[in-house]
Amino acid sequence: MNSDQIRKLLDNKLTILQQPECPNIGLVGPVRLPVQLEDNEAVFKWYTWLNTGNSFMDKNDILESLSQADLASYQQSSVLVYGDFANSEHALIRMHSICHTGDIFGSKRCDCGYQLRKSMRMIVEHGSGALFYLANHEGRGIGLFSKSLAYLLQEEGYDTVEANLSLGFADDQRSYEEAIRVLQSLRQKPVTLITNNPRKLESLRERGLLTDHHVSIWGDVSEHNNRYLATKIEKSGHIYDSLAETALL
Ligand SMILES: Nc1nc2c(ncn2[C@@H]2O[C@H](COP(=O)(O)OP(=O)(O)OP(=O)(O)O)[C@@H](O)[C@H]2O)c(=O)[nH]1
């Protein structure tokens with residue numbers, strides 16, 4: 001197959017998202033993705049995206065530069081879409097920040113792995129929604145290497161916020177801008193966010209993308225993560241509600 005044929009095959013699965021004064025984003029999908037969620041199999045529509053870092057990159061530029069771009073060294077974010085996400089009246093979404101230790105290894109030092117699996121089940125049970133998996137958010141945006149250093153400081157008594165600050169970072173370095181652009185390309189109606197984090201809510205609210213409520217997600221509390229969770233509430237302003245109260249008791 002020659003390169004023209006390859007381009008033709010991929011053409012309608014690759015979309016360029018353009019916005020004034022922002023780099024183009026190449027969005028690929030949907031790719032059919034059957035996923036095992038405990039006893040149930042759910043079929044998601046999976047999209048990945050690439051911030052081209054160059055506002056003039058088009059589909060051809062992206063395809064032509066792929067093999068030289070070393071994309072494996074710079075992880076890409078993606079989104080799992082479920083149901084009739086574009087048109088449904090009510091859709092649940094989760095903006096999930098990557099957590100190598102919690103999501104992949106099942107680390108008990110945080111609640112990330114629990115939140116990832118739980119929110120996927122919630123979206124499927126709800127019938128329509130999307131889980132954004134944000135690959136440049138590791139350690140609240142400080143990266144995996146720095147997160148391991150932060151963990152060592154935490155073992156010496158620092159809390160999550162103090163450890164980030166001591167390494168020269170802000171408490172939370174994350175931006176939701178890219179994910180919001182992708183969200184807007186997939187759905188125009190407001191969404192309900194699964195989160196306890198007021199900064200996530202504010203990022204979407206200021207764009208008029210939110211319904212007037214959110215769904216909280218607390219759980220998997222243990223001796224290993226109770227200080228981490230308490231710091232979220234006490235220092236990062238995570239919303240303490242009846243679900244938090246029950247989970248953290
Ligand atoms: N710096 C740092 N990051 C951590 C630590 N534990 C977990 N994380 C990161 O914290 C982030 C948690 O992401 P989320 O669960 O999406 O976000 P959240 O701010 O807790 O908000 P919600 O879960 O939506 O309420 C992930 O990027 C983890 O890698 C830690 O001890 N230090």
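**From the sheet outwards**

Strands β3 and β4 pair in the antiparallel sense, with five bridges between them. The model described here is a predicted one. In general, strands of a sheet pair through backbone hydrogen bonds, either parallel or antiparallel.

Both kinds of pairing occur in this sheet. Strand β6, residues 129-134, runs parallel to β5 and is joined to β5 by six bridges. Leu92, for example, has Gly129 in β6 as its bridge partner. Taken as a whole, the sheet is open and has seven strands in the order β1-β2-β3-β4-β6-β5-β7, with mixed pairing. The strands at the edges are β1 (14-17) and β7 (192-193); each has a single partner strand, so one side of each is left without a neighbour in the sheet. Helix α8 (residues 177-186) packs on the sheet and touches β1, β2, β3, β4, β5 and β6. The direction of α8 makes about 80° with that of β2.

Strand β4 is mostly covered, as six of its six residues are buried. In a regular strand the side chains alternate between the two faces of the sheet. In β4, Ser77, Val79 and Val81 are buried on one side, while Ser78, Leu80 and Tyr82 are buried on the other, and both faces are covered.

In soluble globular proteins, nonpolar side chains tend to be buried together. The largest nonpolar core of this model has 33 residues, and among those with the most contacts inside it are Val79, Val81, Tyr82 and Phe132. Elements giving two or more residues to this core are β2, β3, β4, β5, α4, β6 and α8. Strand β6 provides the largest share, five residues. Leaving aside residues up to four places away in sequence, Phe132 touches Ser77, Val79, Ile93, Arg94, Met95, His96 and Ala179.

Now turn to the ligand. There are 24 residues around the ligand, and Ser97, Cys99, Thr195, Asn196 and Asn197 come nearest. Of the residues in this shell, seven are nonpolar, twelve polar and five charged. Strand β5 (92-97) supplies at least two of the shell residues, and so does each of the helices α4 (112-126), α5 (138-141), α6 (144-155), α7 (160-166) and α10 (226-234).

Some details of the backbone remain. A cis peptide bond, with omega about 0°, joins Gly29 and Pro30, and Pro30 has its place in strand β2. Glu38, in the loop between β2 and β3, has a phi near 50°, a positive value in a residue other than glycine. Glu38 counts as exposed because it has 8 C-beta neighbours inside 10 Å, and the cut-off for exposed is 12 or fewer. Asp220, in the loop between α9 (198-205) and α10, also has a positive phi, near 55°. Asp220 is partly exposed, with 18 other C-beta atoms within 10 Å.

Gly168 lies in the loop between α7 and α8. Gly168 is exposed, with 8 other C-beta atoms within 10 Å. Gly168 and Ile217 are 49 residues apart along the chain, and their C-alpha atoms are separated by 30 Å.

Note on methods: Residues are numbered from 1 along each chain as its sequence is written. This is a predicted model: local features need pLDDT of at least 70, side-chain atom pairs count only at pLDDT 80 or more; totals for chains, interfaces and linings use all residues. A residue is near a molecule or strand if its C-beta atom, placed from the backbone, lies within 6 Å of it. Helices (H or I, at least four residues) and strands (E, at least two) are DSSP runs, numbered from the N terminus. Ala, Val, Leu, Ile, Met, Phe, Trp, Tyr, Cys and Pro count as nonpolar, Asp, Glu, Lys and Arg as charged, and the others, Gly among them, as polar. Two strands pair if DSSP finds at least two bridges between them. Two residues are in contact if their C-beta atoms, placed from the backbone, lie within 7 Å. Axes are lines fitted to C-alpha atoms, for helices over the stretch in contact, and angles run from 0 to 180 degrees between N-to-C directions. A nonpolar core is a set of buried Ala, Val, Leu, Ile, Met, Phe, Trp, Tyr and Cys residues joined through C-beta atoms within 7 Å. A residue is buried if 20 or more other C-beta atoms lie within 10 Å of its own, exposed if 12 or fewer, and partly exposed in between; C-beta atoms are placed from the backbone.
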